[in-house]
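Opened the notebook for a new model today. I want to get the overall build down first, then see which parts touch.

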Amino acid sequence: MKKELLWIFFVVVISLSYFKIPALISYPNYWPKPVYNFNNNPITADKILLGKVLFYDPILSQDSTISCASCHSSYVAFTHVDHPTSHGINDAIGNRNAPALFNLAWQKKFMWDGAISHLDFQVLAPIANKTEMGSDLKTVLQRVNKNKRYHELIVKAYKTEQLSGEQLLKAMAQFLLSLISADSKYDRVRAGKEQFTEQEATGYALFNENCASCHTEPFFTNHDFAKNDLPIDPNLNDLGRYEITKNKKDSLHFKVPSLRNIAFTYPYMHDGRFKKLADVLNHYQTGVSNGDARLPAKNHLTSRDKIDIIAFLMCLSDNGFVQNKAFQFPINNFKQQNP
Amino acid sequence: MYFRLCVLFCWFFSFARAQTTIEFIPTFQHKTVTFNQVFSDSIQLHAFSFYVGQIELLHKDKVVKRYDTYHLLTLNDSSKTTITLNQCNNQAVDAIRMLIGVDSATVEHGVLAGDLDPMNGHFWTWQSGYIHLKMEGEIIRNQSEKKSFAYHIGGATAPTNTLQTVTFPFVKRGNKLVVELTIDPLLNWIAATNDYEIMSPSPAAVAFSGLFQQLFKPIMP
């Protein structure tokens, strides 16, 4: 018996050392393993903190007015609530709804069109976009490396005085990787700690029947791109995934967003055209052509069905995540004024 | 005993490392191009930079040495026109093969340091991917009209894969291989197409990258 236990112990130790999922990244046992390779960017608390301060710092933008947090607020699951499309420096208006940020270690493609193929590169896009921050990595690095606020953070994180582009991007990726939302009522029901009400359970069954082929558990997205028959906005003329692949079959395909924390992240869709979840469900009943078999059948959900589905969707809210102080504005790091 | 030691000593030094420097010199009509100065009466080149990677030394078409590093050559900066390879002394090499650009597997790895650091300005921000080759300048038309051109050629997957592999003879002067990078085909392309700007992966970028094969010519010792 002792011998068997010893073998089991060795197998567990070897398995754990092989996968090297850092202790700072924890998630439920019914989730798959992250797709992000942590071996290439080993997680430390110091690097997460450096990434967090950078995330909240407007010096990333050309005129030092817009930070990442301007459009990704922790209180609403890191999206820009109540804005169809976000605004950047000089009051410029972008052409897409800022996506919520969480559970990013499980995603391979980022942005509504999947333009970014690795989380490490994600922050380059808003930094350089003229309607967002309008700056560039070189300028940001010059500012950060001169700023007293960062000296100790950089030394602690990387044992160096001057941050490189690689290090800055990896530190910001680490903060983004730390944003894990896994404590909704749905998760507690999965863990056997709570139970759905009768209405929520009915909504869950309807959801699985009508929505789950794209909004798949446990992330409530299949991380794929889909066309949901929204008419194109002639002012934005946004063709989605086609803009990147130039493949006609990708025209008007957008990333399937996670429905976790959906109660916080209105307005909805890539261009934020719907303010209410009821509007979204109505679109999936009246606005779809049923060209894609994954879309729900037209006009078959009753008003009661829609209310039950929304009751279930409320179970995907993670209040602990949106109230987590570890993700909020690091005020102590901003008390000291810049030189 | 001493004989055996001598044999061992000689054997060891036959594998000792030597360095080969490869220098790239931009030319037009066989004359060296000086950046930011008018040449051929009407052209100014402001910038020319490109990635080289997956370098392989060949002998009789077989790979004898492979290097996994990538190098960013910036020909308008005299300190960034050469790359240095460590090589064994006794290796017979008759050709060199290299990738012009950075492959998609390297992008999928995540952010990297040194020449591959996005800080170098050779990584697109609006989509993930390296700019394999940049050429920027001006052409003076009709004696006074200046027309700027800018080519940022990238794309590492079909249907807009602009990666190119070039092979040329490995002919050294001492420890140096000097490669003439003749930009004639690129400037001829501008004249032929009237296309002065390529800034994203596209069919035009694929066509432009097809010219890379004609650019690299080693200068014979």
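Predicted model: local features only at pLDDT ≥ 70, side-chain atom pairs only at ≥ 80, totals over all residues.

Entry on the fold. I looked up the secondary structure of chain A and found 14 helices and two strands. The radius of gyration of chain A is 21 Å, close to the 20 Å from the globule rule for 339 residues, so chain A is as compact as a globular protein of that length. I also noted the span of its C-alpha trace along the principal axes, about 70 × 60 × 40 Å. For contacts in chain A between residues at least 6 apart in sequence, I get 69% joining residues at least 24 apart.

Entry on domains. How is chain A divided in the domain assignment? Domain 1 takes 38-181 + 323-335, and domain 2 takes 185-317. I then checked the distance between the C-alpha centres of these two domains of chain A, and they lie 27 Å apart. Across the boundary, 23 residues of domain 1 of chain A are in contact with 24 residues of domain 2 of chain A. I sorted the domain 1 side of that contact by class: 10 nonpolar, nine polar and four charged residues.

Entry on the partner chain. I found 16 residues of chain B in contact with 22 residues of chain A. On the chain B side, I wrote down seven nonpolar, seven polar and two charged residues.

How values were computed. Residues numbered from 1 in each chain as written. Chains lettered and ligands numbered in written order. Domains from an automatic or database assignment. Contact = placed C-beta atoms within 7 Å. Nonpolar A, V, L, I, M, F, W, Y, C, P; charged D, E, K, R; others polar. Helix = DSSP H or I, 4+ residues; strand = E, 2+ residues; numbered from the N terminus. Rg over C-alpha atoms; globule rule 2.2 N^0.38 Å.
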